[in-house]
Protein chains: 2
Amino acid sequence: MEVGEGSAAGRGYRTRRELKFKKNEEDFEEWYEDVVVKGELIEYYQVSGCYILRPWCYSIWESIKSFLDAEMRCMGVENVYFPLFVPEKLLSKKKDVEEEEEGEEEEEEEAKEPRKFAAPPEDQEKVVAWVTKSGSGELDVPVAIRSSSETIMYHSFAKWIQSHRDLPLKLNQWCDVVRWESKDPTPFIRSKEFLWQEGHTAFGIKEEADAEVQEVLEVYGRVYEELLAVPVIQGVKSEREKFPGSLSTATVEAFVQGPRGIQGATVRSLGQHFSKAFNITFEDEAGAKKRVWQNSWELSTRAIGIMAMVHGDDRGLVLPPRVAPIQVIVIPTSGASSSSETTNADAADLSQECKSVAHLLQEGGVRSATDPREDCTPGWKNAYWEMKGVPLRVEISARDMENRQVTVARRDLAEGANGHTTVVPKHELLETVRELLDRIQRCLLESARQQRDAAMAVALNWQDFKTVRQRKKMVLAPWCDEVEAEKQVEEKLRRRCKLMLRMPYELDNNTHLSLITRMITTLSADTKCFVTGKPAKSWGLWGRSF
Amino acid sequence: MEVGEGSAAGRGYRTRRELKFKKNEEDFEEWYEDVVVKGELIEYYQVSGCYILRPWCYSIWESIKSFLDAEMRCMGVENVYFPLFVPEKLLSKKKDVEEEEEGEEEEEEEAKEPRKFAAPPEDQEKVVAWVTKSGSGELDVPVAIRSSSETIMYHSFAKWIQSHRDLPLKLNQWCDVVRWESKDPTPFIRSKEFLWQEGHTAFGIKEEADAEVQEVLEVYGRVYEELLAVPVIQGVKSEREKFPGSLSTATVEAFVQGPRGIQGATVRSLGQHFSKAFNITFEDEAGAKKRVWQNSWELSTRAIGIMAMVHGDDRGLVLPPRVAPIQVIVIPTSGASSSSETTNADAADLSQECKSVAHLLQEGGVRSATDPREDCTPGWKNAYWEMKGVPLRVEISARDMENRQVTVARRDLAEGANGHTTVVPKHELLETVRELLDRIQRCLLESARQQRDAAMAVALNWQDFKTVRQRKKMVLAPWCDEVEAEKQVEEKLRRRCKLMLRMPYELDNNTHLSLITRMITTLSADTKCFVTGKPAKSWGLWGRSF
């Protein structure tokens, strides 16, 4: 709790702020909840599994939104808003799609798994929340709250799409969705309600739909790597974890303490399952009637949670400069001036100097603010802004003011920045700050990438695989791409470990992933599956998921 | 329906588009629904009272959002997101506030009405939608869906506000809200779900809270007048129509066909009702514990509906340039070139010319597009873009191309623009278009203002009031500002007529309203209430509301 009670002098929130837990594997989840609450991203709410997104968090979400909106505009995607409610009959159509897809397995190249391995549609149904009454009585027909908008939108798609000229249709909405999960909730990661964008697109030609999957994965990858400084790997979920009703579900996967993989955003290749169920057809140029090919793709506020998990440390949040609501906080400190004593007049001058420095930075396009609170010590303020993850702290003492200089401290720990401060002449500040912000952005990504790579190893056979798993690393292994392999791993290995990602994509889609790049080139015609011994078809990433 | 069925040649949407209804008092509501559907703002949905906001509409909403977000930033308001769900116990707290407020009437200066005249809290309760079960069974405790977020937010306010240093607290959220109305739904105006922003603020001093009411009213007024070109009047709702639990509810009121008043946005002065119920207190500078003063204020997608009602005509939507997603549509027409016949090559050249003109406009900051569809006639395209309300149409024929000129047509009917076209040399086009867009924006507001003023008259006594009401005009009348007057009007007059607005604001807040400005200066010490004969205290605006 950052806000205490009692008299002004003894109020808890003017005393030192500290995290209760350390960032290590045992305490990881407690540490994480502590960080996102004390860093003022979220606040708990009276409905379990619902969270309040505070201004500090919402501003980060707005940065993500404006980046994605610009990218989507370039892709020709238009924003819309469809209703929150789904009538029962539409929802049952979705169930049809899921069941049909199961029944059709043999037809579809991508769905070769036996029925029991497909994600059970009941799981999706179980989390649907139902409105059954209003203040004035029971509803004639209950309505569900959207957990995703496929069924809500595709009835309209069938209306709007008639000719090949109406294609591609590319729509997106920013909205809240509800999944009434009974599992333990975790802020941003698993909650009853969350915010996301969901793109829904329809194409006349399968190849165009497939190309879009790749295009969107790239954009999502840039949200994580360029904005949030979180390294990700592109891949395809296992059949058991794909979205029911999709041909395949591609994701960008991030990695957190453990190490564990965590799904960052997904792109679902829906094929023609929904266009069959909703009768979404068009006349091609020759006048023939055809079904459209569809994708749906989404990125949610979960991205903010992943960012907090990856960069945070024992002192709280660490925000990448590109999304930090405040990039530089300017704090007056007590360093005495060369004259005898600090007077009120001096304090006023110092406060004015801080404002003018913050203004100078703002004019230069840097998001900065001052913290003039008089009832907090500079030490308390440092701890407060560290906990909120502000990338740079500028301290100004009376002596600094006399010498036309300021003291700059980095929040991140990269490049030995831990606690070190640098004195910078005031006239060089703007340039220094800009360089440092760029540098911090790069360092955070690089350091997260190194940690991720260090937590990953390659295994070419079962013995290596077991050894590496004992060392708790994630394993990249060549495999036969059959569910048989997944089953064998489960049976032979006691520890929790599963296929996180299949990696069918071309090398240049994962250029940042040096390890994979190096390894994947070694996959030759005689490489065998590490577990079944059959010919290997692709690389798989195995380990635990968050 | 703009999208027909059958073969490409006979498809409905390539044939002439027309509105079914005329814009007059009898057909008004049918005309309106026809316009917003055919103008592609909304689409009906399978849950009655829920509507799909199409890209054309959502883009207008985004213009409003970005204008308001910028204004709110200047006011120091921060964006947040609170949960969709309200636990039962919090909702009952709101009911307490409403009942307490009723019980306290004598204490409050602003609440002098007898109980039966206060808006019944049951009305609010009746429209609340309840989630009672999820896919996996009945919920232990049902949760309501927000119809407004006072009760959701103020529990946190009590936590976050401790000291005078934490004030003012100014939060806003953009979200969807649900009101399960049983009345006939109307797109944008009354729907089960709609989008809005809701600002919630807390102050240490009543005067600051009051000043904010005025500040927000100004901003809302500018959304209507500057962006949507809809003239509004600021005023205060009658006691019977104010938000239950507020001291008073200020609004900006717009006017539509009828004439009828329609509430454009509201600012609720909540006083200390909620700070009492939720125990939101702070320590002032002297260490004394005090309750905060609160406001809440909101503007919804209703604004888009009002805009469509005010400017639309028998040919469809008319969009003010500042919010039109496309400001200029460029269409190739069939005017033959001086050479013998139009060949395919000519058509390709013409299409290229249209693109280059649209590009030239885009480069100049004008939102423009071309309509190259080959299976539609120029006449069909004209009707289509008129129906969508695009402010300017640029037509280019082969002859225009030769002569380095284009033909420009205005969508609006002001200044005798009806159907007239102007030939403009291509090198003057950008400048001409910019001037015209500015001019249209001004004309739309001015013309709506003239219509509004013409539908309004002043009455100083009962006889005049009756006469003016018989002519169906709205009436500005000096009155005693007591509920007694409202009751007498109801009893004496058979027609539907009520107090739409009390106007306590200073003249300079309504400078645009020339009529009121002129009249209000005549309110002297011996002016009597037009109905009770008691001394007049302010002007009231009487008539029908939408």
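**View 1. A salt bridge across the contact between chain A and chain B.** In this predicted model, Arg165(B) and Asp375(A) form a salt bridge whose closest N and O atoms lie 3.1 Å apart. Between chain A and chain B the count is six salt bridges, together with 31 residue pairs in polar contact, both residues of each pair being at pLDDT 80 or more. The side of chain A that touches chain B divides into 34 nonpolar, 13 polar and 19 charged residues.

**View 2. Strand S5 of each chain at the contact.** Strand S5 (residues 129–134) of chain A supplies six residues, the largest share of the side of chain A that touches chain B. Five bridges join S5(A) to strand S5 (residues 129–134) of chain B, and the two strands run antiparallel; Ser134(A), for instance, has Ala129(B) as its bridge partner in S5(B). The contact as a whole takes 66 residues from chain A and 66 residues from chain B, and the area buried between chain A and chain B is about 5800 Å², with carbon and sulfur atoms giving 60% of that area.

**View 3. The pair Glu482(A) and Lys534(A).** Over all chains, a search of the whole structure finds 58 salt bridges, and one of these is formed by Glu482(A) with Lys534(A), with the closest N and O atoms 2.7 Å apart. Glu482(A) sits in the loop between strand S21 (474–479) and helix H14 (483–492) of chain A, while Lys534(A) sits in the loop between helix H15 (514–520) and strand S23 (538–545) of chain A, so that the pair links distant parts of the chain, 52 residues apart. Glu482(A) counts as partly exposed at 29% relative accessibility, and Lys534(A) is partly exposed with a relative accessible area of 35%.

**View 4. The pair Lys237(B) and Glu253(B).** Lys237(B) forms a salt bridge with Glu253(B), the closest N and O atoms being 3.3 Å apart. Because Lys237(B) lies in the loop between strand S9 (233–236) and strand S10 (248–256) of chain B and Glu253(B) lies in strand S10 of chain B, the pair ties together parts that are 16 residues apart in sequence. Lys237(B) counts as buried at 3% relative accessibility, and Glu253(B) is buried with a relative accessible area of 0%.

**View 5. The pair Lys534(B) and Glu482(B).** In chain B, Lys534(B) forms a salt bridge with Glu482(B), with 2.7 Å between the closest N and O atoms. Lys534(B) is partly exposed, with a relative accessible area of 34%, and Glu482(B) is partly exposed, with a relative accessible area of 29%.

Key. Residues numbered from 1 in each chain as written. Chains lettered and ligands numbered in written order. Predicted model: local features only at pLDDT ≥ 70, side-chain atom pairs only at ≥ 80, totals over all residues. Heavy atoms only, no water. Contact = heavy atoms within 4.5 Å. Buried area = accessible area lost by both parts, 1.4 Å probe. Salt bridge = Lys/Arg side-chain N within 4 Å of Asp/Glu carboxyl O. Polar contact = N/O pair within 3.5 Å; in protein donor to acceptor, adjacent residues only side chain to side chain. Helix = DSSP H or I, 4+ residues; strand = E, 2+ residues; numbered from the N terminus. Nonpolar A, V, L, I, M, F, W, Y, C, P; charged D, E, K, R; others polar. Pairing = 2+ DSSP bridges. Buried < 20%, exposed > 50% of the residue type's maximum accessible area, 1.4 Å probe, protein only.
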